[in-house]
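Please view the structure first, then read the notes grouped by topic.

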Amino acid sequence: LISGSGTNLQALIDDLRLPNRQHARIVLVFSNVDGVKGLERAQEAGIPTKVISHKGFKKREDYDRLIHEAMVEAGVEIICLAGFMRILSGWFVEQWSGRIINIHPSLLPSFRGADAHEQVLAAGVRVSGCSVHFVVPEVDAGAILVQETVPVFPSDTVPVLQERVKTIEHQAYPHALFLLATRQAQLEPTNHVKWDLK
């Protein structure tokens, strides 16, 4: 699921083209916003796309039911939120429990929410990074699959830090999908990861 430029989507596409990385196949790219670069990336890679605007729905769950139908119809087994700028309903998250992951631009559980880079810089921490986590009803609170770090420099601005974090996001997200798709990591009902590393 995407809403924008699709750089993490591109990282997943590129990773799955590598030799010995056929553990998953992207069967659908869904966006709530038409005309975004991520849809172009999918089309260039020969991946089916679907766009349904979120506007005009009175309840979040009504829209999420349409997403769910699209996922089921496409035969989706795992959902990767790759810059999908909407909070999903509890109903949707429960339908896909243990099969939906997200990437967040901080080292969770620190700096949750949409303004993570601003929070990092305001706190004056010297290290930041990204976290790939399972999606649960509470935002940015799911069990963590993969984390990667980057330094934070005193001269950093939000755009500079954002670009530095993106470079490691593009490594972390494919690795997390690999762990989930190969069943080396699974979500337990206690919101912890059950590991079976091979």
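The buried residues of helix α2 pack against α1 (7-16), β1 (29-31) and β2 (49-51); contact means heavy atoms within 4.5 Å. Helices (H or I, at least four residues) and strands (E, at least two) are DSSP runs, numbered from the N terminus. The model is predicted: local features need pLDDT of at least 70, side-chain atom pairs count only at pLDDT 80 or more, and totals for chains, interfaces and linings use all residues. Residues are numbered from 1 along each chain as its sequence is written, and side-chain values use heavy atoms, with hydrogens and water left out.

**Helix α2**
- Gly38, Leu39, Arg41 and Ala42 are the buried residues of α2, which covers residues 37-44; buried means under 20% relative accessible area, exposed over 50%, and partly exposed in between (1.4 Å probe, protein chains only).
- Seen down the axis of α2, these residues fall within an arc of 155°, so they line one face of the helix; the arc is that of the directions from the helix axis to the C-beta atoms.

**Helix α5**
- In α5 (residues 116-123), the buried residues are Ala116, His117 and Val120.
- Their arc, viewed down the axis of α5, is within 100°, so they line one face of the helix.
- An α-helix has 3.6 residues a turn, so residues three or four places apart point the same way.
- The cover over the buried residues of α5 includes β4 (100-104), β5 (127-134) and α6 (158-181).

**Helix α4**
- Gln95 belongs to α4 (residues 90-95) and is partly exposed, at a relative accessible area of 32%.
- Between Gln95 and Ala74 there are 15 Å in space, C-alpha to C-alpha, and the two are 21 residues apart in sequence.

**Whole chain**
- The protein chain holds 6 helices and 8 strands, in the order α-β-α-β-α-β-α-β-α-β-β-α-β-β from the N terminus.
- Its C-alpha trace spans about 50 × 45 × 35 Å along the principal axes.
- Of the 198 residues in the protein chain, 45% are buried.
- Among contacts between residues at least 6 apart in sequence, 59% join residues at least 24 apart.
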